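Welcome! Here are a few exercises to work through with the structure on your screen. Try each task first, then follow the solution step by step.

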Amino acid sequence: MRLVADVGGTNTRFGLSRNGELEAGSIESFRNDDFPSFDRVMECYFSDRRGTQITDAVVAVAGPIHGGEARLTNRDWSFGETHLSNRLSGRPFMLLNDLAALGQACNFLEPDSLDSVFAPKVEAGEGGQALVVGVGTGFNVSPVIFSNTWVENLEVEYGHISLPVDIAARLGERFGQAASGFSTIEHVFSGRGYAALYELDLARTPSEESEKSAAFSHRKQEFLAFYAALLAILTRNLMLAFLPRKGIFFAGGVARNLLTSPAKASFVEIVRAPFPLNTLHSAPVHTILDDAAALKGCALYTR
């Protein structure tokens, strides 16, 4: 029996798995604000499961992991594999980045766990490359390599690289000098980036219309289509950079809300356009809908 967990910025989910499958009825979610530490959340989960015999544990964390140690960026929580192993009577304890956990799961998610945004034919075979893209509180990607017997995730820090010039040009056309404040990918593609751009857009053409009016709703939908186009341009850049022929899998609230809205049409129109390189084709694009996907990845993970 494996303990699995997904530690996000707002909530922590726990579950139990056996032979790579989540146990029915084992998943429970907790608000992080109600606990001073990850240890206390784990204690609360086990308070109703006394006597459960754990063989090992795998925990996904929304943040970087170095040397078996993790620290959340938005709260004073830090924990490590050695300390947590001791809490479980010496059982093996492994920490994963949350996007890496999704990478472990993405090739095994059921169709109802995904929304296929764009689905061209993919090459046959079990092996290949995919890419998990997280657009939520922050931004990052996790390249995934599949073989017949294992899944490997590569470590990347992509959100803080400079904004691609084609996206910067689109922002400059719409916002002028104000666009210069968006210098990295995460400045644009994150919850904070979306909110900042939306505020700029409202200021660009001030209106006395009520937020419930048809005119205001139209303005918002037009902005969503613009933002979806920006994400589509970035997606094409990611296809060139990582060649994820098995697909791109979007995760995070910003991506999910955008790509399940009518703005999806603007995204698809740009993504499906042919590349100048006639040897390169667009990869499938999916949105992960399953809130337990990271737990499934932890259940499947082998070191």
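## Exercise 1: A pocket and its helix

The second largest pocket has a lining of 14 residues, and F46, T52, I54, R87 and L88 are those nearest its centre. This is a predicted model, in which local features need pLDDT of at least 70 and side-chain atom pairs count only at pLDDT 80 or more, while totals for chains, interfaces and linings use all residues. Residues are numbered from 1 along each chain as its sequence is written, and side-chain values use heavy atoms, with hydrogens and water left out.

**Task.** Describe the second largest pocket, and find which helix gives the largest share of its lining.

**Solution.** 
- Step 1: settle the term. On a 1 Å grid over the protein atoms alone, a pocket is an open set of points with protein on both sides within 12 Å along at least five of seven lines, a cavity is a set where a 1.4 Å probe fits but cannot get out, and lining residues have an atom within 4 Å of a point.
- Step 2: take the volume, about 310 Å³ for the second largest pocket. Here grid points are joined across faces, edges and corners, and a volume is the space filled by probe spheres set on the points.
- Step 3: sort the lining into four nonpolar, four polar and six charged residues. Ala, Val, Leu, Ile, Met, Phe, Trp, Tyr, Cys and Pro count as nonpolar, Asp, Glu, Lys and Arg as charged, and the others, Gly among them, as polar.
- Step 4: find the helix. Helix α1 (residues 38–47) supplies five residues, the largest share of the lining. Helices (H or I, at least four residues) and strands (E, at least two) are DSSP runs, numbered from the N terminus.

## Exercise 2: Helix faces

**Task.** Which residues of α1 are buried, and which of α4 and of α9?

**Solution.** 
- Step 1: Buried means under 20% relative accessible area, exposed over 50%, and partly exposed in between (1.4 Å probe, protein chains only).
- Step 2: in α1, the buried residues are F38, D39, V41, M42, Y45 and F46. They line one face of the helix, because they fall within an arc of 160° seen down the axis of α1. The arc is that of the directions from the helix axis to the C-beta atoms.
- Step 3: in α4 (residues 165–175), I167, L171, R174 and F175 are buried. Their arc is within 75°, so these residues also line one face. V165 and E173 are exposed on the other side of α4.
- Step 4: in α9 (residues 264–271), the buried residues are F267, V268, I270 and V271. They fall within an arc of 165° and so line one face of α9, while A265 and E269 are exposed on the other side.
- Step 5: An α-helix has 3.6 residues a turn, so residues three or four places apart point the same way.

## Exercise 3: Strand partners

**Task.** Which strands pair with β14, and in which sense, parallel or antiparallel?

**Solution.** 
- Step 1: two strands pair if DSSP finds at least two bridges between them.
- Step 2: β11 (residues 128–135) and β14 (residues 248–251) are joined by four bridges in the parallel sense. I248 of β14 is the bridge partner of L131.
- Step 3: β14 and β15 (residues 285–288) run parallel too, with three bridges. There I248 has V285 as its bridge partner.
- Step 4: check the side chains. I248 and F250 point one way from β14, F249 and A251 point the other way, and all are buried.
- Step 5: for contrast, turn to the open sheet with the order β6-β7-β8, whose pairing is antiparallel. Its edge strands, β6 (65–66) and β8 (78–80), each pair on one side only.

## Exercise 4: Cysteines

**Solution.** 
- Step 1: a disulfide is a pair of cysteine sulfur atoms within 2.5 Å. The structure holds zero disulfides.
- Step 2: the closest cysteine sulfur to that of C44 is in C298, 19 Å away, which is too far for a bond.
- Step 3: for C298, the nearest cysteine sulfur is that of C106, 14 Å away.
- Step 4: compare accessibility. C44 counts as partly exposed at 28% relative accessibility, whereas C298, at 0%, counts as buried.
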